[in-house]
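Work through the exercises below with the sequence and the structure at hand. Each task is followed by its solution.

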Amino acid sequence: MNSLQGKTVLITGGTDGIGRSLVLQYLKLGANVVTCGRAQHKIHALEAEAPIGKLCVLNLDVAVERDCERLVNHAVQQFGGIDVLINNAGISMRGLMNEGGKEIIGVIKRVMDVNFYGSVYCTTYALPHLIKSKGVIVGVSSIAGYRGLPGRSGYSASKFALQGWLEAIKTELVEKGVHVMWVSPGFTASNIRNVALNHKGVAHGESPLDEKSLMDADTCAGIIIEAVDDRKRTVVMTFQGKQTVFLNKFFPKLADKLVRKFFFRDGELVK
Ligand SMILES: NC(=O)c1ccc[n+]([C@@H]2O[C@H](COP(=O)([O-])OP(=O)(O)OC[C@H]3O[C@@H](n4cnc5c(N)ncnc54)[C@H](OP(=O)(O)O)[C@@H]3O)[C@@H](O)[C@H]2O)c1
């Protein structure tokens, strides 16, 4: 692992789940970290765990362009530059297109605003600083960025969009020395399914998965940090995730059947 002393890592959505693990692991490795979230109690809890002077946490919404500008400016004012940007903040949804009527449009827009446009805003404002540092831009994508998942149509769209956009700017930025990559966790224990929006835009308040059986957020964050250090192109995590990406690429009809079987019981979305 290359030394992170004096380096600055900007991680969106670092107050919970995978982002929080990234923040704490990067701090342990000696980096300065700037992050954000919206829930104040989570911000206080994270600040309480950090060494003095190494962490800044801002209360803001990445779906708001000016908030992202403020986040980037704060990182530069506080620590003098940005070496790594991890676009991690994300929300999910669980709702079928044929249920709940037109309200699902607003849900899909909100998911796109946070997951896709939030990444576009932060990357745009951070880009001059990343060019200066010859830094790294990371997108935290998902297996849903390779294979559309039922009930998560807006989420899948946001991750496909994220990956396509990152792939495009990767080739644009080659000669600037900026490395662009994305990582795709499989199912990872976190709060994301509890707060996933239903077709009315309200948090489900429960997870349809056995969270204890999933990859833990610390393991996921460790894999991301190593991949950033190695300047990998992409990482697909978990055996199930790798299998899904492989089957969908080479045997898409079989993948359709297996995905349907995994998510539905007797015609009902159960996961
Ligand atoms: N967990 C999984 O199974 C899984 C699998 C594949 C990919 N991912 C991806 O991994 C990333 C992290 O997800 P996670 O599972 O760690 O979720 P999580 O536990 O729900 O944490 C999400 C973090 O993002 C923050 N956040 C959410 N919306 C935000 C907004 N609009 N503005 C600023 N901060 C915001 C949350 O804080 P506040 O709510 O307080 O704002 C929290 O700190 C996401 O991009 C997700 O799509 C997760």
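A residue counts as near a molecule if its C-beta atom, placed from the backbone, lies within 6 Å of it. The model is predicted.

**Exercise 1.** Find which residues are closest to the ligand, and which elements give two or more residues to the shell around it.

Solution. Step 1: the ligand is surrounded by 29 residues. The closest are Gly 13, Gly 17, Arg 38, Gly 90 and Ser 190. Step 2: two or more residues of the shell come from α1 (17-28) and from β2 (32-37). Step 3: α1 gives the most, with three residues. Step 4: by type, the shell divides into 13 nonpolar, 12 polar and four charged residues.

**Exercise 2.** Check the span of helix α6 (residues 217-229) against its number of residues.

Solution. Step 1: the expected span is 1.5 Å times one less than the number of residues. Step 2: α6 has 13 residues, so it should span 18 Å. Step 3: the end C-alpha atoms of α6 are 18 Å apart, which agrees.

**Exercise 3.** Determine how the buried residues of α6 are arranged around its axis, and what covers them.

Solution. Step 1: the buried residues of α6 are Ala 217, Cys 220, Ala 221, Ile 224, Ile 225 and Val 228. Step 2: down the axis of α6 they fall within an arc of 135 degrees, so they line one face of the helix. Step 3: their cover includes α1, β4 (84-87), β5 (136-140) and β6 (179-184).

**Exercise 4.** Find where confidence is lowest and where it is highest in the protein chain.

Solution. Step 1: the mean pLDDT of the chain is 97, and 100% of its residues reach 70 or more. Step 2: confidence is lowest in strand β9 (residues 268-269), at a mean of 95, and highest in β4, at 99.

Conventions: Residues are numbered from 1 along each chain as its sequence is written. This is a predicted model: local features need pLDDT of at least 70, side-chain atom pairs count only at pLDDT 80 or more; totals for chains, interfaces and linings use all residues. Helices (H or I, at least four residues) and strands (E, at least two) are DSSP runs, numbered from the N terminus. Ala, Val, Leu, Ile, Met, Phe, Trp, Tyr, Cys and Pro count as nonpolar, Asp, Glu, Lys and Arg as charged, and the others, Gly among them, as polar. A residue is buried if 20 or more other C-beta atoms lie within 10 Å of its own, exposed if 12 or fewer, and partly exposed in between; C-beta atoms are placed from the backbone. The arc is that of the directions from the helix axis to the C-beta atoms. Two residues are in contact if their C-beta atoms, placed from the backbone, lie within 7 Å. pLDDT is the predictor's confidence in each residue, from 0 to 100.
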